[in-house]
Amino acid sequence: MNAKRTMRTMSARNTMSAADSRETMHTKRRTRMERMTRTLGRIAAVASAAGIVILALATVSVSAAPPAAPAPSPDPAAAPAQAKLQKSPGGYHGELDFPISWKRYYGYAEWTGIMRDLQKKYPALADIQSIGKSRMGRDQLLLTITAKKTGKPEDKPAMWVDGAIHGNEVNGITCSLYLAWYLLTRYDYDAFVHDLLDRTTFYILPGLNVDANDSYVRFPNTENNPRETYRPADDDGDGLYDEDQTEDVDGDGELTMMYVEDPAGDWKLSPDKRRFVRVEDPREEVLRFRRLGPEGYDNDGDGLINEDDIGGPDPNRNFPYGWSIDQGYPYPMSEIETRNVFEFQLAHPNIFASFHYHNTGRLIMFQAPPAAQPRGAQAAAAPAGGPRGQMSYEQRLEELRKTDKYAYLADRQVAPEYQHDLDVQNAIVSTGARILKDYTPTIGGLSGQAHAATYYMLGAYAYLMELWGSPVFEADLDGDGRVSDEEFMKWIDIELMGQGWIAPYKFKHPDLGDIWMGGTARKHIGRTPPARYIETEALRNANFVLYCASQFPQVELTDVKVTPAAGNLFWVEITARNSRVYPTSSDRAVALKRAIMDRIAVSGKSGLSVVEIAAGPTVVDPLDPAARSEAIPSKGSEFRLKGGDSKRFCVLVKLDGREGWVEFTARSRHGGTAVKRVDLKAGRAS
Amino acid sequence: MSYDELNDRRYGFGMSSDWDYLQLGVWSITTELWNPAKDIPGFPAVEPGADEAETRLRVQRALLKWQDEKYGGKLFVPWKKYKHPELGEGEIGGWVPLYPSNAWPGEPLLNVCDRHFRFELFRAGLMPDIVINDARARVVQAASGPGKYRIIEVTASIENKGPLATHTARGATLRGNREDVAWLIVDRDKVKFLQGTPYQRLGVIDGAMRVPSAGGGGGGGGPRAGGPESPPEDPLYPESPAQRRFGGGAAPAEARQGGARREVRWLIAVEGDSPLKVVVSSQKGGTAVRDIKVQ
C-alpha cells in the first residue's frame, strides 16, 4: 500500500462514516458535517506537509491461547493447504477412510475399540485417555479431538460431549461416537471441520455410565433399565441389596410382560391377538388376564417382581447444583462415574460449552440463567424501556416467527446482568431447532443434573439433548401429537417391517405356572431408535454441536485508524470485535468470578514509543464526540466482548525516528489471541 | 435439603451437623469445646464490666495472670518491637496460637475430655437396641398322607429396649433410611408362605424413653411419642420406589403396631425338619437373630 493511497483511504473513511450515520439529517446539519470532513482532511494535509506519512499496515494472526501462555499463532500463509479439500457437496468426504456401521448399537468392548482405532488412525487429531474407572472397573474412555499442530487441546476453547449418563439411553453413545467419527474423517476434506478443529477442542465421552451402558446393549433388558450406576441399593427396604433383579425367564433375549389367566382380570387380548388391552365392558364374556408384572421371578418372596433391580441413585441427579437427597442419594458426586466427569471438567477450564445426550422426547433442554422473579410478578412489573420491553412475550415470539418459524424465546425474565446469556441461548437453540427440525427447545431443570452443574458451577453453556422420542414423530398419522395403539402397530408393520413386536404367547413359569407373556415392543423401539434411524439422528445432532462450536467467540482486531494529534504524536485506534454468537465469557462465569477478562496490550517498537496516558474514555476526534475509544494504559486494559460485540481502543504514540511500529495484542481465554501491527513512517508523500 | 444460592448464602450451609441431621436423619450435635473461663478448674469468677468489651478485657487479664502463675508465662509471648520487612515498624507477640481456642494442657485439658467423655457415653446409652424377646414355632397341622408338609405358625415378639426410636422423625422421611424388618429364614425350596411374606415391615420402633412434648399437654407426643399407646406407624415411604415403579398389588406383610414392641406372625408349610430362623434387621437398632425349634 503506498502512502498516497493510504491518505485517500483515511479521508474517504471519515466521509463515509459521516454520511452513513446521518442520512436523514437536516440539510443544515449535513452541511456542518461536510465542514467537519473538510477540517479532518486539512489535519491530514498538515501532517503530510510536515513530512509525516502514515502507513497502517496490519498483519493479523488469530489463535486460541490462554492469557498467561499464548500458543504460537498459526500463520495461515505458512500452513499447508488442506490436503484433500472437497469443494463439491456431492463429493467424497472421507467416510470410507474409517468404515463403520451406524446401523447398530455397540457394547463397551466394541465402542471403546472403535475409539482406540479412531485415535490410531488419526493421531494428529485425537488423543485417548481414561478419565477414571467405573464401579465395576471399566475405563471411562474419552477422546480429545483437535488439530494438534495449531496448539494444545487445553489452550483452545472446548466443547464437552457425553452420552448415556443413564445406562439405558445408549443412542447417546452412538451420537457422540458419530460426532468423533465425523470430525476425524472429514478434517482433511471439509473446510468447515478443518477450520473448527484448528481452533477448537472436543472432549467426547461416548459412554458415561459404562457398566449400565454395556449391560443395556448386550443383555436382555426392558427399555428402562439398567438406568442408574451400579451402586448397590435397597430399593424395596427389606435390608437386602439388588436381590430382585430382572430376569429373562424364557431365555428369548427379551424382557416382556407377564399375565395369568384370571376370570376376574382386567385385561383381554386385542382383536388382532397381538396386544393385551383393558376390558372396557365388565359384562363382556372374554378370556381375561391379570397382569403379573415384568418378566422375572419374585426372588425375595414379597409379592413384587423385579422391584429391587440393580443400580443406585440416578446419576443425573448426583451433580452438586440443585442436588437433593431424594433424587441424588446419598450425597453429591457420590458416584465414581459422575465424579470422574466433574473433576475432569473442573480441571479443564477451557470447556466453554457442553452437550449431554439423553432420551427421550426430542428436546433441546438448555440451561438458562435464574429467573429474576416469578412469572406473576413479571406481568405486574413495569415494562423496561424500548419496544422490546413494551411487547408481551407472546407478541415478541410472534414477531420473531414471522421471519423464522423455528425462532424460540424463553419465557423467563432474568436480572440485567444475565440478559446476554439468555439472549445467546435463545439464538443458539433457535438455530438448533432449525437444524434438528422436530426438536423443541425448553429450559432445563436443576436438581443435581449434569448440565445444571456445567452452567451454574462452571459457567459453561450447557445443553441436554433428549434424543429420539418414542416413535411419536414417525408414527403419528393423524398429527394429533400422540400415537395410538393402532398407529403404533402400523408403524411397526410398515416402517419396521414387522420387526420390533412380541406377540402374546403361553409359557410355563417355574414359579408361577402357566402364564402368558409378550404383547410388548422389543428393546430399541421406544427409548432408543431402531437401528435404521440411528445415523439420521446422529448426523443432525452432530451438526448442531458443530454449529455451536463454530459460534465460540473469536476475537479479531480490525478497523485501524491513525490520527495526527500534535507534532510527532499520533492517535492509533483499533477495534476488538467478536462476531460470533457466544460472548468471550458467559454472564454466569462472570457472576461466579471464574471468568478471565479479555485483555489488550500495546507495545511500540523501533523508533516509536507509546505515551503513557490514563485508562478511560477518550475522544480522539474532537469533532465527533460519539466516536469514543478506550485509552490503553501501559499495563493494558481488560474488557469482555459479548456475542456480536465490539470495543474501540486507542493509544497515543510518539514517532521518535522516521519510522516505527506499534503492536496490539488481544488475548481472550475462549476468544483466542489476535495480534495486529501498525507501521508508521515519516516521509514526504510522493 | 439442598443449598439454594439465592436464599442460603447468608447461612453457614454445609456444616457436618446440618448434614448429619438433615440428610442422614441422625442425632447430631456440634460441640464447641473450650471456654477457658469455665473449663479451668479453680479459675476465679470475673466480675462483668460495664460492657462486653470491658468484660472481655477483664477475662483476658485474669487469664494472663493465671498463665503467668500456673504455666510460667509459657502460653503467651510478650509483645516486642519488630520491623516487618513489608509492614514496617510494629510490635509482635501475643498468645501462642495453639491456646486461645484449645484447652490448656494439664488439668484444663483433662477436665474438658472427661466432661465430654461422660456426655458421649450418656448419648451412646440412648441408642436403640433391638431384641427378640420371644420366638416360637407351633405345629398347626402335622404332615399326613402323601403330603410331606407340616403347617407351622411362627410368632416372634420384638422390642426396642434402647431409650431412643430406631429413627428420628427426620430420619424416617429420608431416602436411604428404611424401616425395620423381620425375616423368617427357611430353606427356599422347602417352604410355602401361607400367611405373611418372608419379610415383614415393622415401621420405626419407638424407644423406651418418653420424649417430652414441645407443645405441652403432658408427656409423650414429641418428635416421636413413646409407649405402647402410640398410634401405628406410617411407613417410611407411603409407597416404596418399587411400588411406585410397578404399581400396587401384592406387597410385603406389615406389622406396625406402634410403640416399642412388635408382634410378628407367619403361617408356613414346611417340608421335613427345615430349620427356622427369625432375623430382625434395624439400621440403627442392630440385628437380632433367633433360631427356633418347632414345638
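**Sheets and local backbone features of chains A and B**

In this predicted model, chain B holds an open sheet of 5 strands in the order β8-β7-β5-β10-β11, with mixed pairing. The edges are taken by β8 (253–254) and β11 (286–292) of chain B; each has a single partner strand, so one side of each is left without a neighbour in the sheet. Within this sheet, strand β5 (residues 180–185) of chain B pairs with strand β10 (residues 276–282) of chain B in the antiparallel sense, over 5 bridges. Leu184(B) has Val278(B) as its bridge partner in β10(B).

The segment after β11 of chain B contains Gln295(B). Gln295(B) counts as exposed because it has 8 C-beta neighbours inside 10 Å, and the limit for this class is 12 or fewer. In sequence, Gln295(B) and Val139(B) are 156 residues apart, but their C-alpha atoms are 6.6 Å apart in space. Leaving aside residues up to four places away in sequence, Gln295(B) touches Arg136(B), Ala137(B) and Arg138(B).

Chain A comprises 17 helices and 28 strands. Of its 686 residues, 44% are buried. Considering contacts in chain A between residues at least 6 apart in sequence, 73% join residues at least 24 apart.

Strand β7 (residues 257–261) of chain A pairs in the antiparallel sense with strand β10 (residues 289–294) of chain A over 5 bridges. Here the bridge partner of Met257(A) in β10(A) is Pro294(A). β7(A) is also joined by 2 bridges to strand β17 (residues 513–517) of chain A, and the two run antiparallel. In β17(A), Met517(A) is the bridge partner of Met258(A).

Most residues other than glycine have a negative phi, and most peptide bonds are trans. In chain A, a cis peptide bond joins Asn225(A) and Pro226(A), with omega about 0°. Pro226(A) is found in the loop between α6 (210–218) and β7 of chain A. Tyr329(A) and Pro330(A) are likewise joined by a cis peptide bond, with omega about 5°; Pro330(A) lies in the loop between α7 (325–328) and α8 (336–346) of chain A.

Although not a glycine, Lys273(A) has a positive phi of about 65°. Lys273(A) lies in the loop between β8 (267–269) and β9 (276–278) of chain A, and with 9 C-beta neighbours inside 10 Å it counts as exposed. Ser447(A), also not a glycine, has a positive phi of about 40°. The loop between β13 (440–443) and α13 (450–458) of chain A holds Ser447(A), which counts as partly exposed with 18 C-beta neighbours inside 10 Å.

Definitions and conventions: Residues are numbered from 1 along each chain as its sequence is written. Chains are lettered from A and ligands numbered from 1 in the order in which they are written. This is a predicted model: local features need pLDDT of at least 70, side-chain atom pairs count only at pLDDT 80 or more; totals for chains, interfaces and linings use all residues. Two strands pair if DSSP finds at least two bridges between them. Helices (H or I, at least four residues) and strands (E, at least two) are DSSP runs, numbered from the N terminus. A residue is buried if 20 or more other C-beta atoms lie within 10 Å of its own, exposed if 12 or fewer, and partly exposed in between; C-beta atoms are placed from the backbone. Two residues are in contact if their C-beta atoms, placed from the backbone, lie within 7 Å.
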